[in-house]
Amino acid sequence: MAFLDNSGDIILDAVLTDTGRARMAKGDGTFRIAKFAFGDDEINYKLFDSGHTSGSAYYDLEILQTPVLEAFTNNTSMMRSKLVSIPRTNLLYLPVLKLNEQNPAAARNTDANQANQSFVVAVDTDTEKRQADGGIVVPGEARGIMKGINPGPGYIRIDQGLDTNEIPPGFALDADLIETQYIVEIDNRFGKLVGTSAPGQPGEDARVSFIDDDNIASYYFSLGTDPSFVGNNGNNMPFDNGGADQVIEGPRGTILSFRIKSSLELNSSTFLFGQVGKKDQTWTRTAGLGTVNIHYIDSLVRVTGATTGYRIDIPVRFVKVA
């Protein structure tokens, strides 16, 4: 890996992904480039200086001269910030995806031992037990903990829409700004996705669309096709008048919600905890119940809107009682 000198001519450095290289290597004549993406991971747009003393030609000079990474094919390290093309030129606000933690069952865990305040997945039945019985779950409260064997009650919810107070939420979001498809990526070694069809119900297992060479599983969910994952946001009330459970301030689009089921390997083994996580750590219980030793792995679940291109990374901690 290296940097490309960008002080002169603009350089476009393009490579095939690992999957593309594998398909080209088949040599059967079926290889076609059907999709491509641009990224700006290296660029810091705060370097734009509208007050430069030499005039407007120098406002973005520092940005244009920023060295860019030489292209490489590892998708877990490259293209983390993809550029999006929107043909309309009359938009003052762009749609976003935003975590909705207003419901305690959809909130991240904030226990003292959770420095990264992530969503927690208890990977086996011992970890799913109440704290008084040797587990990490507080009776009657989700506390950001999802049961990885018996999914529920905790879940993850993402709301979509225009997060601005300049447009009232009662206005309908334009059809081309409504997110109707989502791509969710998760490390397949750690967990799988489960729907949230009804409160207290486990929901259906999601079907994996694709697993890449780095073991990252991609799931595709569509409005109308996957009702236990994607639905319309029917609440169009302001925060202070019926919208207290909302996080999008302006017009609202769709809601994506899901749970995470732990993998068989995390459920039955401690191998991965030693390889990519931490073993024999301390989990502090509440109400004077002392501590319990745990193993954990920190990971990310990435959610991307297939229509708008907006994406967010969600921190998830997989926990196993030692």
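Good morning. I begin with two strands, β7 and β10, which pair in the antiparallel sense over seven bridges. Within this pairing, Asp187 has Ile216 of β10 as its bridge partner. Please keep in mind that the structure before you is a predicted model.

Strand β10 covers residues 216-222, and six of its seven residues are buried. Strand β10 also pairs with strand β9, residues 210-211, in the antiparallel sense over two bridges. There, Phe210 stands opposite Ser218. β9 and β10 form a hairpin with four residues between them, and Asn215 in the turn has a positive phi of about 70°.

Let me now turn to the aromatic rings. How many aromatic pairs does a search of the whole structure find? The search finds four. In one of them, the rings of Phe190 and Phe318 have centres 5.6 Å apart and planes at 55°, so this pair is tilted. Phe190 belongs to the loop between β7 and β8, whereas Phe318 belongs to strand β15, so the pair ties together parts that are 128 residues apart in sequence. Are these two residues, Phe190 and Phe318, buried or exposed? Both are buried.

Finally, I draw your attention to a charge and a ring. The charged end of Arg317 sits over the ring of Tyr296, at 3.8 Å from the centre of that ring. Thank you for your attention.

How values were computed:
Residues are numbered from 1 along each chain as its sequence is written. This is a predicted model: local features need pLDDT of at least 70, side-chain atom pairs count only at pLDDT 80 or more; totals for chains, interfaces and linings use all residues. Side-chain values use heavy atoms; hydrogens and water are left out. Rings of Phe, Tyr and Trp (its six-membered ring) pair if their centres lie within 6.5 Å; planes under 30 degrees apart count as stacked, over 60 as edge-to-face and the rest as tilted. Buried means under 20% relative accessible area, exposed over 50%, partly exposed in between (1.4 Å probe, protein chains only). A charge sits over a ring if NZ of Lys or CZ of Arg is within 6 Å of the ring centre and within 35 degrees of the ring normal. Two strands pair if DSSP finds at least two bridges between them.
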